[in-house]
Amino acid sequence: MQVVLATHNPHKVAEFQQIVAATRPDLEVVGYDGPEPVEDGVTFAENALIKARAAAAHTGLAALADDSGICVDVLGGSPGVFSAYWAGQKKDAAANLELLLDQLHDIADPHRAAHFTSTIALVTPDGAEHVVVGEWPGRLAHAASGGGGFGYDPIFIPDGQPADEERTVGDFTAEEKQAQSHRARAFAELVPLLSAL
């Protein structure tokens with residue numbers, strides 16, 4: 001069975017397929033080849049629903065859409081829904097990361113708390129809609145580390161690691177990230193809904 005993921009980002013498609021395979025090996029995540037809708041929502045949930053509705057309408061398949069970002073406590077939860085555009089409309093991941101590090105350059109470790117949020121919308125061809133949320137708490141490093149992951153992964157240090165072995169998500173293997181990430185946490189909430197498809 002196929003479900004379309006409402007993104008043109010191949011990294012997200014691959015990441016979702018890895019997450020899905022752990023619990024629903026019969027489910028194939030396919031990329032979306034339709035037009036990108038205008039994401040004019042002001043919350044992760046609104047934007048996820050906009051994308052999932054468009055993908056379901058375009059393909060006739062059940063559609064998943066993830067709207068996610070990094071939320072920094074000292075910035076009042078920003079970049080949040082603007083994570084992909086933090087440094088401008090070009091969706092330049094490296095520029096976004098550098099700008100965020102620059103904005104926090106004088107902020108000490110105790111005040112660098114942050115979390116990744118993933119909000120996943122599921123829209124079925126019959127019009128049913130569901131939204132689930134996963135959060136991954138941690139804090140921001142002072143410099144990028146590691147060559148893995150994408151986006152803000154190289155500066156995000158998840159909670160729960162031994163103090164002498166702390167790593168950014170950029171230092172994680174793909175398997176480590178999939179087991180712990182905000183998307184994996186949101187997807188765990190989604191499994192019962194997918195089982196009903």
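The largest pocket here takes up about 850 Å³, and 37 residues line it. A pocket, on a 1 Å grid over the protein atoms alone, is an open set of points where a 1.4 Å probe fits, with protein on both sides within 12 Å along at least five of seven lines; lining residues have an atom within 4 Å of a point. Volume is the space filled by probe spheres set on the points, with grid points joined across faces, edges and corners. Keep in mind that this is a predicted model, where local features need pLDDT of at least 70, side-chain atom pairs count only at pLDDT 80 or more, and totals for chains, interfaces and linings use all residues. Residues are numbered from 1 along each chain as its sequence is written, and side-chain values use heavy atoms, leaving out hydrogens and water.

**Largest pocket**
- Nearest the centre of the largest pocket you'll find Asn9, Lys12, Ser68, Ala84 and Lys91.
- The lining of the largest pocket splits into 14 nonpolar, 13 polar and ten charged residues (Ala, Val, Leu, Ile, Met, Phe, Trp, Tyr, Cys and Pro count as nonpolar, Asp, Glu, Lys and Arg as charged, and the others, Gly among them, as polar).

**Second largest pocket**
- The second largest pocket holds about 180 Å³ of space.
- Its lining has 13 residues, with Gly149, Phe150, Ala174, Lys177 and Gln178 closest to the centre.
- Helix 1 (10–23) and helix 4 (174–180) are the elements giving two or more residues to this lining, and helix 1 has the largest share, four residues.
- By class, the lining of the second largest pocket comes out as five nonpolar, six polar and two charged.

**Asp67**
- Asp67 sits in strand 3 and is buried, at 7% relative accessible area (buried means under 20%, exposed over 50%, partly exposed in between, with a 1.4 Å probe and protein chains only).
- Leaving aside residues up to four places away in sequence, Asp67 touches residues including Glu39, Phe44, Val81 and Thr119 (contact means heavy atoms within 4.5 Å).
- The Asp67 side chain makes a polar contact with the side chain of Lys51 at 3.1 Å (a pair of N or O atoms within 3.5 Å; within protein, one must be able to donate a hydrogen and the other to accept it, and residues adjacent in sequence count only if both atoms are side-chain atoms).

**Thr168**
- Thr168 is in the loop between strand 6 (156–158) and helix 4, and is buried at 3%.
- A polar atom of the Thr168 side chain lies 2.8 Å from the backbone oxygen of Ser145.
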